[in-house]
Amino acid sequence: MAEAACEDPDEPSPEDFVYGEEDFVVQGAGWEGDPGSWLSRFDRALLSGWGERMERGLFRYRLGALPTRELPGAAGLVAQLNVQRGAERRPPQPMLSLRQPFDPAAFNFTRLRRGELLLRLRRAGRGAAEPLLVAINASPLGRGHVLLLPDGARPRPQALAAPALEAALEAALLSAHPGFRVGFNGLGGGASVNHLHLHGLYLGRPLPAESAPARPLRPRGPALLAGPAPAFLFFAAGPAELGAVSRDVCRAAERITDAGLAYNVLATRGEPPAGAAGGGRGLRVLLWARRPSLGAKAGDALTVALCELAGFLPLPSAPLFHGITEAQALDAIRQHLLPEPELLSLGEDLARLLAP
C-alpha cells in the first residue's frame with residue numbers, strides 16, 4: 001500500500017496479526033453471557049489499537065457516549081444518535097453507475113496515513129482468503145468501527161469478490177463479541193467511496209436480522225429472510241463453509257447487478273434457516289437487492305445502507321432521534337426495496353443460478 005505524504009514518523013505502524021484455525025470462535029458469545037468473555041485475541045488487538053488512534057487524534061472527531069433507544073413497535077428497530085458523523089464525515093462520492101470504474105484521482109484508501117492502519121490479517125498456512133488490512137473509519141459509527149481492505153488496498157472498484165468476502169467472514173469468526181458484524185455497501189447501495197472495502201462494526205445490541213425466521217427457496221441456494229427488510233440468507237455453520245458461501249453470495253450479487261439493481265451484504269451471528277442440518281448458531285450472511293440510488297447523495301436524514309436494512313438506525317440529529325417512529329423508519333427503508341412479487345421472482349432466479 002502506498003504511504004501518504006507527510007507521514008508523522010511517530011505514528012504507529014499496523015500490527016501483523018497471524019491467525020489459525022484455533023482462533024476462530026465458531027459459536028460466539030450470546031447476549032445473555034458475561035460481557036467480560038466477549039473479547040477474543042482479535043477483539044483485544046483491534047479495540048486496543050483503535051483506542052490508541054482515538055487518543056492520538058487520528059479520527060475526525062472524538063467519539064463519546066452515543067444515546068441509543070429501541071423504537072416502540074414489533075420490528076425491534078434500534079436508533080442511535082451520532083451528530084458528529086452526520087456533520088463531520090467526508091462528503092460521499094457521487095456514484096453514477098453500478099459498474100463505475102475505480103478513479104485514482106478521487107479519494108481512495110491508498111491515501112490513508114500509516115497511523116490509520118491497525119492490523120494486517122493473514123491466515124497461517126493458507127492462501128485462499130485474501131490478506132486484509134484493518135484500518136480505522138475516521139468518521140466512526142461507534143467504538144471499534146473499522147474498514148476491512150482486501151489485498152493491501154489494491155486499487156479496484158467497490159464490487160464484491162469472493163476471496164475478499166471470505167477473508168472478511170473469517171474476520172467475523174475471529175471475534176467473540178456477539179455484536180461484531182461485517183458488512184458491505186455496493187455502488188448505488190450507500191457506498192461512499194468507490195474503492196473495494198468492507199466494514200467491521202461493534203453494534204451493542206441484538207438486531208432483528210439475527211433471529212428473523214427464514215425459509216429455503218430451494219434445497220440449495222439462499223433462504224428468504226422474513227421481516228421489515230426481506231433479504232436472501234446464506235448460512236455458514238463454521239469456517240469450512242465460508243468459501244462456498246462467499247462464492248454463492250458473490251455470484252448472486254453479480255446477477256443482481258446484471259438486473260440493474262444495487263445490493264448490500266451483512267454478516268452477523270444468528271440462527272440457521274428452517275430445515276438446516278445441525279441446528280446450531282453460526283454466521284448469517286444477508287444479501288439485500290434494492291433499487292439503486294445513484295448520483296450525489298441528497299442529504300436525506302435517514303440514509304438506507306446495510307445498518308438500516310439490518311434494523312440499526314444511526315441518526316444525525318436529536319429531533320430525528322427522539323421523534324422518529326417505527327412506521328416512519330420502515331417507510332423510508334421500504335422505498336428502496338423490491339415489491340414482494342419481484343423479490344420472489346429474483347429469489348427463484350438466484351436459486352436456479354446456484355443449483356448444483
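**Close-up views of a predicted model**

**View A. Asp258, at 52% relative accessibility, counts as exposed (over 50% relative accessible area, whereas buried means under 20% and partly exposed lies in between, with a 1.4 Å probe and protein chains only).** The model is predicted, and local features therefore need pLDDT of at least 70 and side-chain atom pairs count only at pLDDT 80 or more, while totals for chains, interfaces and linings use all residues. Residues are numbered from 1 along each chain as its sequence is written, and side-chain values use heavy atoms, with hydrogens and water left out. Asp258 forms a salt bridge with Arg99, in which the closest N and O atoms are 2.5 Å apart; the term means a side-chain nitrogen of Lys or Arg within 4 Å of a carboxyl oxygen of Asp or Glu. This pair links distant parts of the chain, since Arg99 lies in the loop between α2 (83-88) and β4 and Asp258 in helix α5 (residues 242-258), 159 residues apart. Helices (H or I, at least four residues) and strands (E, at least two) are DSSP runs numbered from the N terminus. Arg99 is partly exposed, with a relative accessible area of 47%.

View B. The structure holds 15 salt bridges, and in the one between Glu21 and Arg123 the closest N and O atoms are 2.5 Å apart. Because Glu21 lies in the loop between β1 (15-19) and α1 (41-55) and Arg123 in strand β4 (residues 117-123), the pair ties together parts that are 102 residues apart in sequence. Glu21 is partly exposed at a relative accessible area of 48%, whereas Arg123 is buried at 13%.

**View C. Arg56 and Glu52 meet through their side chains in a salt bridge, at 3.7 Å from N to O.** Arg56 is partly exposed, with a relative accessible area of 42%, and Glu52 is likewise partly exposed, with 33%.

**View D. Helix α5 has 17 residues and reaches 24 Å from its first C-alpha to its last.** This span is close to the 24 Å expected at 1.5 Å a residue, the expected value being 1.5 Å times one less than the number of residues. Among the buried residues of α5 are Leu242, Val245, Val249, Ala253 and Ile256. The buried residues of this helix pack against α3 (162-174), β11 (231-236), β12 (262-270), β13 (282-290) and α9 (340-354), where contact means heavy atoms within 4.5 Å. Just after α5, Gly260 takes a positive phi of about 80 degrees.

**View E. Zero disulfides are found in a search of the whole structure (a disulfide being a pair of cysteine sulfur atoms within 2.5 Å).** Cys250 is in no disulfide, and the nearest cysteine sulfur, that of Cys307, is 19 Å away. Cys307 is in no disulfide either. Cys250 is buried, with a relative accessible area of 10%, and Cys307 is buried as well, with 6%.

**View F. Glu210 is found in helix α4 (residues 208-211) and, at 5% relative accessibility, counts as buried.** The side chain of Glu210 makes a polar contact of 3.3 Å with the side chain of Trp31; such a contact is a pair of N or O atoms within 3.5 Å, where within protein one must be able to donate a hydrogen and the other to accept it, and residues adjacent in sequence count only if both atoms are side-chain atoms. Leaving aside neighbours within four places in sequence, the residues in contact with Glu210 include Arg181, Arg205, Arg269, Arg281 and Arg284.
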